[in-house]
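Hello,

Here is the structure for you to look through. My notes follow below it.

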Amino acid sequence: TPADAQAVLNDIRLKFSQLVFSELNSQFQCTFSAGLVNCQTYDTAPQALEAADALLYQAKAAGRNQIKA
């Protein structure tokens with residue numbers, strides 16, 4: 001279901017944000033944002049991808065590290 005998909009993505013987001021990466025004697029963390037759509041509500045895959053991409057950019061504009069559906 002869409003709610004299940006959002007829950008899985010949120011779990012991934014939380015786990016990813018807890019990772020600490022090391023490079024050249026410095027450490028950093030990353031964030032994870034995503035746009036989630038129900039592909040069955042679109043006529044074509046490109047339409048669904050375009051909608052998901054638009055939601056991804058909304059998530060980034062709203063402060064990142066979040067899922068927009």
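**Around S17**

The side chain of S17 has a polar atom 2.8 Å from the backbone oxygen of L14. That is a polar contact (a pair of N or O atoms within 3.5 Å; within protein, one must be able to donate a hydrogen and the other to accept it, and residues adjacent in sequence count only if both atoms are side-chain atoms).

Please note that this is a predicted model: local features need pLDDT of at least 70, side-chain atom pairs count only at pLDDT 80 or more, and totals for chains, interfaces and linings use all residues. Residues are numbered from 1 along each chain as its sequence is written, and side-chain values use heavy atoms, with hydrogens and water left out.

S17 sits in helix α1 (residues 2-18). Helices (H or I, at least four residues) and strands (E, at least two) are DSSP runs, numbered from the N terminus. Leaving aside residues up to four places away in sequence, S17 touches Q29, C30 and N65. Contact here means heavy atoms within 4.5 Å. S33 is 16 residues from S17 along the chain, and their C-alpha atoms are 10 Å apart.

**Helix α2**

Helix α2 (residues 45-61) has 17 residues. From first C-alpha to last, α2 reaches 24 Å, close to the 24 Å expected at 1.5 Å a residue. The expected span is 1.5 Å times one less than the number of residues.

Which residues of α2 are buried? They are A48, A51, A52, L55 and A59. They cover an arc of only 95 degrees around the axis, which puts them on the same side of α2. The arc is that of the directions from the helix axis to the C-beta atoms. On the other side of α2, P46, L49, E50, Y57 and A61 are exposed. Buried means under 20% relative accessible area, exposed over 50%, and partly exposed in between (1.4 Å probe, protein chains only).

The buried residues of α2 pack against β3 (34-35) and β4 (67-68). Just after α2, G63 has a positive phi of about 120 degrees.

**T41 and the cysteines**

T41 lies in the loop between β3 and α2. T41 is exposed, at 57% relative accessible area. Its side chain reaches the backbone oxygen of N38 at 2.7 Å. T41 and L19 are 22 residues apart in sequence and 34 Å apart in space, C-alpha to C-alpha.

C30 is partly exposed at 26%. C39 is exposed at 54%. The disulfide count is 0, taking a disulfide as a pair of cysteine sulfur atoms within 2.5 Å.

Best wishes
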